[in-house]
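Here are some questions and answers for a first visit. Keep the structure open as you read.

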Amino acid sequence: MAEFLQFLFSGLTVGAVYALVALGFTLVYNACDVVNFAQGEFVMLGGMTTVFLALAGVPLPLAALLAVVAAVAVGLMLYRLAIEPARGASAVTLIMITIGASVFLRGLAQTLFDKRFHSLPPWFGSEPIRVGGAAILPQSLVVLAGAAIIVVLLWQFIDRTLVGKAITATAANRLAARLVGINTRRIVALSFAVSAAIGAVAGILVTPITLTSYDAGTLLALKAFAAAMLGGMGSALGAVIGGVALGMLEAFSAGYLSSNYKDAIAFLVILAVLFAMPQGLLGRGKVDRV
Amino acid sequence: MPAILTHRLAVLVALAAIAVLLPLAFPSAYYYRVAALVFVFALAALGLNLLMGFAGQVSLGHAGFLGIGAYAVAIGPTHLGLPSWASLIGGAALSGLVAFLVGRPILRLKGHYLAVATLGFGILVAIVLTNESGWTGGPDGMPVPSLRIFGWRASGSVPWYWISAATFLVGAALAINLIDSPTGRAIRAIHDSETAAGVLGVDVARKKLAIFVISAVYASIAGSYLALFNGLVTPDTAGFLRSIELAAMVVLGGMGSILGALVGAAILVVLPQVLTVLHDYETLVLGLILMGFMIFLRAGIVPSLAGVLGGART
């Protein structure tokens, strides 16, 4: 039982991060049909920028805030300089552009920062909390709480505000959204900014547990994408559920089966989902016009 | 493209001329080495271009087949006592078989989904190669014995330049033949509209699967060459970035262009060699270039050039 709880908590923690990154994916995908493989780099940038600002003597909360601002700036630039000029390009070309961006950002982090692993001090110490024989790091609770707050805030924002409704409208039908006076370009830019911010926050929250380095983003992006796909592309709730589910699957299979193949789970999930139910758990079925 | 270059024989003659004349300009063995790598990757890109450019099906996991081919010539002689050439053929057959099995469900998918499914497949291959260290040597990889044909040992840059250039030419000839065959026409019809092709009686699923298998075999042979030439193989051969690199070669050179595969491979192989001068900025510049080409030269280099020169399409 203690073992089970331990896996459950570590799965939830990792799953929360996947969920946040998957949520960012979904925002951008809904706004402009771009699968943004650079999504994981925002997580890396959030963690790394905070670490290096803190090393430079900036107080931690301010460093974290600045890191989020930096990630948002990068997200906006990514949209303006790379996605916007390539409007109308094929899906593959757009994927390659975002992968190029991901490689570029990794190179940038490598030159700007360094190639070593870095950590941040946990917010509430590193004394584990004992629950039923399992040890939980206080930081895990911070990650879970942070993720929950972000999800609720985002949901409220999209559901309650005018801008949020414009995002929903743009996702539903871009042309119709433009016709009723929504500036869809601004909505897409906003989606990039918000998803960058979410990624950066996830990176800052989780760095005390998982450490971060210049190349931490790629695998994370791929796994979060698997999560988004599991939940159903385009569904925000699906992204969250898919993220948590993937985190759990990974934790339990690493615990009970083989930790060597932990990273393989995400990709097996992608293949299994695509074969069995391409629309994912909560995605809408798609009908093609011929 | 100018009429002279649209003729299929002319393309082959031009490629052969390039392969033969290029070494005249090589000041050292190092150039042979880089050029050999260009032809090896061009072979893989050519196969992938058949899939992406002609059949219109994306694969972001082709390094998986590159990896199978590479590890075949490493594991065959080391663990199974097979000669290298037999391992190479075995690897190609295995790649074809894997492509056949995986391709059936994967190729039903479209767009992003197809891209991600193939990507997932490629990464799975890399993970297996990394983890089965008893067979593959794990993350550090394993040495690859040299290729021997009738007692002659193929090693060093010069022999491998000629082997890879010749194989690329054969591959290009086969590809051109395929494109002009009834199967090729059916495949190009699938590219334009799967529904229309289906209505006209093309067995869409089967043709797509066939081209996927062929492209896997191309990649596998290229992978075997790469391993034999380097004398070492690591799981990076099958890695995510390799897959992206292969797809980038196709898109960069030009989708559906035989010459494009060579041009794309040349750029992505030579560029990192040049960029080593920049040391720390290598990754950064590579990312910039990838983005730049994709944004501003979307059609690919060869078709764009052809458009400028002749105004006609190949």
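Helices (H or I, at least four residues) and strands (E, at least two) are DSSP runs, numbered from the N terminus. This is a predicted model, where local features need pLDDT of at least 70, side-chain atom pairs count only at pLDDT 80 or more, and totals for chains, interfaces and linings use all residues. Residues are numbered from 1 along each chain as its sequence is written, while chains are lettered from A and ligands numbered from 1 in the order in which they are written.

Q: Where is the place of Met1(A)?
A: Helix 1 of chain A covers residues 2–32. Met1(A) sits in the segment before helix 1 of chain A.

Q: Is Met1(A) buried or exposed?
A: A residue is buried if 20 or more other C-beta atoms lie within 10 Å of its own, exposed if 12 or fewer, and partly exposed in between; C-beta atoms are placed from the backbone. Met1(A) has 8 other C-beta atoms within 10 Å, so Met1(A) is exposed.

Q: Leaving aside neighbours within four places in sequence, which residues is Met1(A) in contact with?
A: Two residues are in contact if their C-beta atoms, placed from the backbone, lie within 7 Å. The C-alpha atoms of Met1(A) and Ala134(A) are separated by 8.5 Å, yet they are 133 residues apart along the chain. Beyond four places in sequence, the contacts of Met1(A) are Gly132(A) and Gly133(A).

Q: At what angle do the axes of helix 3 and helix 8 of chain A cross?
A: Axes are lines fitted to C-alpha atoms, for helices over the stretch in contact, and angles run from 0 to 180 degrees between N-to-C directions. Helix 3 holds residues 60–83 and helix 8 holds residues 184–210 of chain A. Their axes come within 8 Å and cross at roughly 145°.

Q: How many nonpolar, polar and charged residues are in the contact of helix 3 with helix 8 of chain A?
A: Among the residues that meet are Ala64(A) and Val68(A) in helix 3 of chain A, and Ala200(A) and Ile204(A) in helix 8 of chain A. Ala, Val, Leu, Ile, Met, Phe, Trp, Tyr, Cys and Pro count as nonpolar, Asp, Glu, Lys and Arg as charged, and the others, Gly among them, as polar. By class, the contact has 18 nonpolar, three polar and no charged residues.

Q: Why does Tyr79(A) count as buried?
A: Tyr79(A) is found in helix 3 of chain A. Its contacts beyond four places in sequence are Glu84(A), Val188(A), Ala189(A) and Phe192(A). Tyr79(A) counts as buried because its C-beta neighbours inside 10 Å number 23.

Q: Which elements do the buried residues of helix 11 of chain A pack against?
A: Helix 11 of chain A runs over residues 262–276. Its buried residues include Phe267(A) and Leu274(A). They pack against helix 9 and helix 10 of chain A, together with helix 6 of chain B.

Q: Which element gives the largest share of the side of chain B that touches chain A?
A: The contact takes 33 residues from chain B and 36 residues from chain A. On the side of chain B, helix 6, helix 12 and helix 14 give two or more residues. The largest share, 12 residues, comes from helix 6 of chain B.

Q: What percentage of the residues of chain B count as buried?
A: Chain B has 15 helices and four strands. Buried residues in helix 8 of chain B include Trp160(B) and Phe168(B). Of the 314 residues of chain B, the buried share is 52%.

How values were computed
The expected span of a helix is 1.5 Å times one less than its number of residues.
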